[in-house]
Amino acid sequence: IARVFGGLDWAVTSGTSVFSAGGPDTDGRFKIIYSKKYTSTDPRAVIEDVVRLCGQLNVEFLGVDRGAGHTNNLMLHDRMQWTKVIEFAYVPRQREGMKWDQKSQCFILDRTFALDSTIYKLKNQKVVFPKYDSFGKTFFPDIVGVFTEYNDYLKKIEYKHPSEIPDDFFHSLTYMLLAHQINTKYSGGRYGV
């Protein structure tokens with residue numbers, strides 16, 4: 001893997017945050033090379049470790065959850081030497097699937113659009129995971145527990161998960177894939193990248 005991207009989901013409600021790293025392989029599929037769940041509720045410990053991992057893995061771009069972690073992301077950004085931090089904020093509905101918001105300096109995502117994009121890549125085998133024994137037991141429940149439900153108020157499908165099954169790895173994966181997509185599509189300085 002020539003270029004490595006990362007994703008970080010700050011999970012306040014479940015008590016776990018998830019960091020993932022990966023990049024496109026020579027076959028054009030996105031290969032996950034590392035993931036870690038943090039049970040610490042101290043964001044400083046998570047930041048310290050993510051900075052270390054980004055350095056060790058040569059992560060160029062790190063997609064992060066703005067909703068639950070904007071203050072944490074500012075601290076993370078200050079600590080990164082070579083990794084560019086890209087914040088993403090979900091909204092329940094917007095016309096564009098993804099747009100750059102100059103005022104908040106982050107990408108605003110239609111939540112369903114963003115998660116649909118990840119599901120599409122998974123279904124079409126565009127993402128490669130490590131062997132199940134060493135990886136799947138920890139991280140796959142975060143994907144297989146996700147389901148869709150029609151929201152009458154929003155008049156659209158939305159993604160949910162049972163309260164006892166977190167979806168943190170699913171969001172970490174989504175932020176990582178979007179960081180790659182943005183860098184590929186808008187290389188050359190657009191959108192703060």
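Asp142 is buried, because its relative accessible area is 1%, where buried means under 20% relative accessible area, exposed over 50% and partly exposed in between, with a 1.4 Å probe and protein chains only. The side chain of Asp142 meets that of Lys37 in a salt bridge of 3.0 Å, N to O, a term for a side-chain nitrogen of Lys or Arg within 4 Å of a carboxyl oxygen of Asp or Glu. This is a predicted model, in which local features need pLDDT of at least 70 and side-chain atom pairs count only at pLDDT 80 or more, while totals for chains, interfaces and linings use all residues. Residues are numbered from 1 along each chain as its sequence is written, and side-chain values use heavy atoms, with hydrogens and water left out.

**Salt bridges**

- Lys37 counts as partly exposed, because its relative accessibility is 25%.
- Asp49 and Arg52 also meet through their side chains in a salt bridge (2.6 Å, N to O), and they are separated by about one helical turn because they stand three residues apart in helix 1 (residues 43–57).
- Within that pair, Asp49 is buried at a relative accessible area of 12%, whereas Arg52 is partly exposed at 38% relative accessibility.
- A salt bridge of 2.9 Å, N to O, joins the side chains of Arg66 and Glu87, a pair that links distant parts of the chain, since Arg66 lies in the loop between strand 4 (59–65) and helix 2 (70–79) and Glu87 in strand 5 (residues 84–91), 21 residues apart.
- Glu87 is buried, with a relative accessible area of 9%.

**Overall fold**

- The protein chain has six helices and 10 strands, which are DSSP runs numbered from the N terminus (helices are H or I with at least four residues, strands E with at least two).
- The C-alpha trace of the protein chain spans about 45 × 45 × 40 Å along its principal axes.
- Buried residues make up 48% of the 193 residues in the protein chain.
- Of the contacts (heavy atoms within 4.5 Å) in the protein chain with a separation of 6 or more, 56% are between residues 24 or more positions apart.
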